[in-house]
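Hello,

Here is the structure I promised to pass on. Please open it alongside this note.

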Amino acid sequence: MYIASVPNRNSPPAILLREGYREDGKVKTRTLANLSKLPGEAIAVLRQVLQGKTMLPADELFEIVEDGSRTHGDVEAVLTAMRRLGFPGLIHSRPSRQRDLVVAMVAARILKPQSKLATTRWWSNTTLPEMLGLEQVDEDELYEAMDWLLEHQAQIEKKLAARHLEEGGLALYDLTSSYFEGVTCPLAKRGHNRDGKKGKLQVNYGLLTNAQGIPVAVSVFKGNTGDPKTLLPQVDKMRKEFRLEQFVLVGDRGMITQTQIDALRDLEGCGWITALRPEAINKLLVGGSIQRGLFDERNLFELTHPDFPGERLVACRNPDLAERRARKRTSLLEATTRLLNQVSRMVSRGRLRGKKAIGAEVEKVLQEYKIGKHYTVDIRKDGFDYQLDREALAAEVTVQSNGETKLAQTRLARCERHIEAIDKKFEKLQQRTKHGQLHGKDVIGVRVGKVVNKYKMSKHVVLHITDDSFTFKIDQESVTAEAALDGLYVVRSSVSAERLDTAQTVRSYKLLSNVERAFRCLKSIDLLVRPIRHRLENRVKAHIFLCLLAYYVQWHMTEAWRPLLFADEDQESKASRDPVAPAERSDAALQKVQSKQFDDHSPVHSFRTLLGDLARIVSNLCRCPGLGPEAPTFTKTTTPNPKQQQALHLLQSIRV
């Protein structure tokens, strides 16, 4: 007897129990039972029994030791990538415990980014310490390993540069910041806030990568260091430490300013690519060097200008970007106008103006009290004065008391209370005639400043503020001038056309998105470099360098795993696509995003969820049951499913 699986059109296969026999010398079969409704586990057991194998309950063969299960698959994936990259040798050529600790911290930063203390408690639940031969590690030893790593940073960066920077090739550089939890670190300063954390101190750090975005070096600066000041140290590092005689440095317009360009011109072999600032572009428009009609049939053209001697300028216009910016500016101006109107109402709210309106309010007060007839009121358009005839009031009280002194005193005391109440109400009315809810040029100005700076629209708003008034209007000329720049940008470069043609120059500038991708991964998606909690300057530098090394490994893992991730697998088209038009994903990538699954119905992953799926591969510590805690143990690792096997296999494609 045996079990047969028979294909069934448009339905799952039929599972049949069959028997083979001979009749008249011929082999025939007959079906004994249909097992299709049995669970898969029962069919698998029956198949083993029919093959003559003896089946025993699993708990009679072995048991899993308590606290003996540790995650393994994700650890194996990261360490496999590290082996393919020769990562331990990259850290240091000689094996040492410090090197192993650094490798472990880099792996932990990819697997579970957290504090060093939390790391030492977490990794005992993984096979990471066992696979690296590390036992009984505490946070102090990790801090010492960080100090050791910082001492070797220069040598490691030289190795990375030798691997990934080519003579005459592109190098990308950009700067970002991360905030501190604490105030004692010398690097922690207030500066240009990129994290949206108001009131937090920060540290700046610049990332140097090759054209693909593979990180090569990182430099750490005080939090108040300006972007341009960090550029020339990178040039010196590439020339003196990395021994590059020819290279092209790509940076944004806030990084490579005119001052830096003047310095770069004196350095032989150092080319650069950046972009013009809006005011410079506007000058080219006003001077007629750039005419919008030139973009009717093409979206970029090259030009030169006397203000930029020895440079190539490439003017680009993206209509889609222009439309988005126009819509955004309109919505921001509308939002700013609404808020400014609120401030205007706050300035005038509560203000009392006009003889008729003031008189009506005064009359309401006087009618509340019988003594109102003894008040004389002089009402003006912008206020009022009043006077009480106390002699007439006293005479009236005396007459009404019929000469009874005690009663007269009681009534006079009540009148005094009414006089005091009227005075308070008149004082409030007089305040209302003077100013509204917001009063004073300084107070109004502060409130208006918060509004116009909220959406960065102050450049388009004309304000008029006095102590008791506020008006504004939208500067249409300013709006029109800015609208002329919508979708328009100009790439400037010192690199010759023979070396990089017009389209390649624009594509090279747009490669800065690879550095931005690195910052997103470092800061918020996977590696969580922030918030920084270290107090010592060297520890902060070591922490950031450790995160760079983790990104180096993760970058290669992500590239190898593109077939399993939401990432676009068609990378070759980037080199030939329109350099100005918005980047578009391939149809295959869009299909993955829309369906969120592959043709076999398995899920498409992010980097983090794929690591989580691999973590389901567990190393279990087992022993024979009934022999007691002293019995010998052995490990049993979860068999990977096909997708897990594919993920581990893809890592073998990593090449240095």
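Where is Arg253 found? This is a predicted model, and in it Arg253 sits in the loop between strand S8 (247–250) and helix H11 (258–264). Arg253 is partly exposed, because its relative accessible area is 36%. A patch of positive charge on the surface gathers Arg253, Arg324, Arg325, Lys328 and Lys456.

Now look at strand S8 itself, where Leu249 lies. Leu249 has 0% relative accessibility, so it counts as buried. Leu249 touches several residues, among them Tyr173, Leu208, Ile256 and Trp272. Gly271 is another contact of Leu249. The two are 22 residues apart along the chain, with C-alpha atoms separated by 6.1 Å.

Next, the salt bridges. The count comes to 32.

- Asp147 and Arg539 meet at 2.9 Å, N to O. Asp147 is in helix H8 (residues 139–151) and Arg539 in helix H21 (residues 537–560), so the pair ties together parts 392 residues apart in sequence. Asp147 is partly exposed at 28% relative accessibility. Arg539 counts as buried at 18%.
- Glu181 pairs with Lys200, with the closest N and O atoms 3.0 Å apart. Both are in the loop between strand S5 (170–179) and strand S6 (202–210), 19 residues apart.
- Arg265 pairs with Glu311, with the closest N and O atoms 2.7 Å apart. Arg265 is partly exposed at 39%, while Glu311 is buried at 4%.

That last pair belongs to a network of salt bridges linking Asp262, Arg265, Glu311 and Arg492.

Best wishes

Technical notes: Residues are numbered from 1 along each chain as its sequence is written. This is a predicted model: local features need pLDDT of at least 70, side-chain atom pairs count only at pLDDT 80 or more; totals for chains, interfaces and linings use all residues. Side-chain values use heavy atoms; hydrogens and water are left out. Patches are made of residues with over 30% relative accessible area and no salt bridge: like charges are joined within 9 Å, nonpolar side chains (Val, Leu, Ile, Met, Phe, Trp, Tyr) within 5 Å. Accessible areas come from the Shrake-Rupley method with a 1.4 Å probe; for residues, only the protein chains shown count as cover. A salt bridge is a side-chain nitrogen of Lys or Arg within 4 Å of a carboxyl oxygen of Asp or Glu. Lys and Arg count as positive and Asp and Glu as negative; His and the chain ends are not counted. The place of a charge is taken as NZ of Lys, CZ of Arg, CG of Asp or CD of Glu. Helices (H or I, at least four residues) and strands (E, at least two) are DSSP runs, numbered from the N terminus. Buried means under 20% relative accessible area, exposed over 50%, partly exposed in between (1.4 Å probe, protein chains only). Contact means heavy atoms within 4.5 Å. Lists of a residue's contacts leave out its neighbours within four places in sequence.
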